[in-house]
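Let's take a friendly look at a protein model. We'll go through how its parts sit against one another.

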Amino acid sequence: MILILKPNIDSESRDYKRLESHLTNLPNIEYRVHKVIGAAQTLTEVYLIGSTSALSLDEMRSFQAVDHVVRISEEYRVLGRHKDDSRPTGFAYNGVEFGQDNLNIFAGLCAVDSPESVETMMRALKENGQVCTRMGAYKPRTSPYSFQGHGKNCLKFVFELAGKYGIRVIAMEVTHESHIDEINQALDDTGRPTGVMLQIGTRNTQNFELLKSVGRQQEFPVLLKRGFGITLDESLHAAEYLASEGNHKVVFGLRGMKTNIGDPHRNMVDFAHIPVVKRLTRMPVCIDPSHSVGGRFRGPDNILDIMHTTAQGVIAGANMILVDFHPNPSVALVDGPQALRMEELPKFIEDVRIVREAFESRLALFSE
Ligand code: PEP
Ligand code: MN
């Protein structure tokens with residue numbers, strides 16, 4: 001059961017204290033308080049854990065401090081959508097809104113290789129009105145002999161260039177909890193010119209200790225990729241690990257499933273799950289057409305499969321697109337074959353705009 005308290009309630013007020021003492025005395029019930037800090041107001045949510053089925057909704061509602069009560073009926077306790085659950089979806093971070101009703105593009109480098117590539121990428125983003133990007137510093141690779149990413153050595157120049165080109169949020173994968181401290185330190189050292197969304201890759205979706213560490217910090221939002229060989233339910237539970245530790249700013253990423261049935265694509269595209277994730281949870285949904293398709297295949301219509309796949313996700317209501325670009329894919333150190341080129345960025349953005357408009361027309365069509 002979740003109690004949503006009156007907006008901006010003071011934890012020293014009489015109403016709050018009265019509720020607190022009632023909850024403390026309930027047998028076999030533990031509670032956790034979570035504050036959702038928004039631009040206009042702070043919402044306090046109280047999660048009751050234990051034998052809550054015997055508790056009466058009406059009794060909880062009768063407390064002055066309580067605005068409304070949600071009985072949790074599904075498994076995804078914090079991030080799930082429950083009956084009569086009108087809590088907002090998503091969050092704001094560093095001036096960018098993330099929710100189930102909007103769309104952000106994160107075009108960028110799969111892996112940071114040189115300051116020149118980063119600068120070319122960021123300049124192109126600025127010229128095309130973009131404020132988000134992806135930049136991989138820590139790369140999980142199949143072979144230990146492959147380039148592992150520049151790690152903390154590249155953070156300073158990446159963040160400085162982000163500040164120079166007005167980038168507000170960088171999606172960056174972390175594979176170990178120490179990477180969070182390195183990112184925080186580099187942001188401090190550079191005067192915090194940008195924001196970072198910590199990415200948990202598909203190989204770490206069920207790395208529960210990493211999930212707990214990333215969930216314990218509330219500075220950075222998280223992009224959790226679904227596991228490429230587990231069920232959707234298992235990946236949604238992984239997201240719940242982040243939330244149950246206190247971080248509710250979670251975007252859920254679809255990136256395709258590992259199976260040869262999807263050949264010649266690198267992974268079997270799973271964007272049909274966009275409405276499913278939105279129905280079951282309040283998380284914004286990201287698509288990664290680059291790691292799904294994995295190559296620059298082009299149809300007789302002259303449209304790249306990556307662009308077709310992006311369109312399929314956007315028309316189904318995707319909220320974020322993570323897509324690989326590179327100024328010179330033939331020398332990219334990771335995933336060059338799937339990278340789009342700088343000159344393709346304007347058309348990519350225009351294509352997304354066209355399809356998003358079509359999605360909004362679909363919404364209007366079915367709105368009554
Ligand atoms: C990535 O986005 O760079 C990446 C490695 O993705 P995934 O974890 O989905 O393979
Ligand atoms: Mn990659």
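Predicted model: local features only at pLDDT ≥ 70, side-chain atom pairs only at ≥ 80, totals over all residues.

How many residues does the contact take from domain 1 and from domain 2? It takes 4 residues from domain 1 and 4 residues from domain 2.

The size of an interface is often given as the accessible area lost when the parts come together. Here, domain 1 and domain 2 bury about 290 Å² between them, with 38% of that on carbon and sulfur atoms. On the domain 1 side, three residues stand out: Arg 32, His 34 and Tyr 47 supply 89% of the area that domain 1 buries against domain 2, more than any other three residues.

## A pair of packed helices

Two packed helices are described by the angle between their axes and the distance between the axes. Take helix H10 (residues 305-314) and helix H11 (residues 345-365): they pack at an angle of about 30 degrees, and their axes are 9 Å apart. Angles under 35 degrees count as roughly parallel, so H10 is roughly parallel to H11. The crossing of H10 past H11 is right-handed.

Which residues meet here? From H10 come Met 307, Thr 310, Ala 311 and Val 314, and they meet Phe 348, Asp 351, Val 352, Val 355, Arg 356 and Phe 359 of H11. Sorted by type, the residues of this H10 and H11 contact are 7 nonpolar, 1 polar and 2 charged.

How values were computed. Residues numbered from 1 in each chain as written. Chains lettered and ligands numbered in written order. Heavy atoms only, no water. Axes fitted to C-alpha atoms, helices over the stretch in contact; angles between N-to-C directions. Helix = DSSP H or I, 4+ residues; strand = E, 2+ residues; numbered from the N terminus. Parallel < 35°, antiparallel > 145°, perpendicular 65-115°, else oblique. Left-handed = near helix turned anticlockwise from the far one by under 90°. Contact = heavy atoms within 4.5 Å. Nonpolar A, V, L, I, M, F, W, Y, C, P; charged D, E, K, R; others polar. Buried area = accessible area lost by both parts, 1.4 Å probe.
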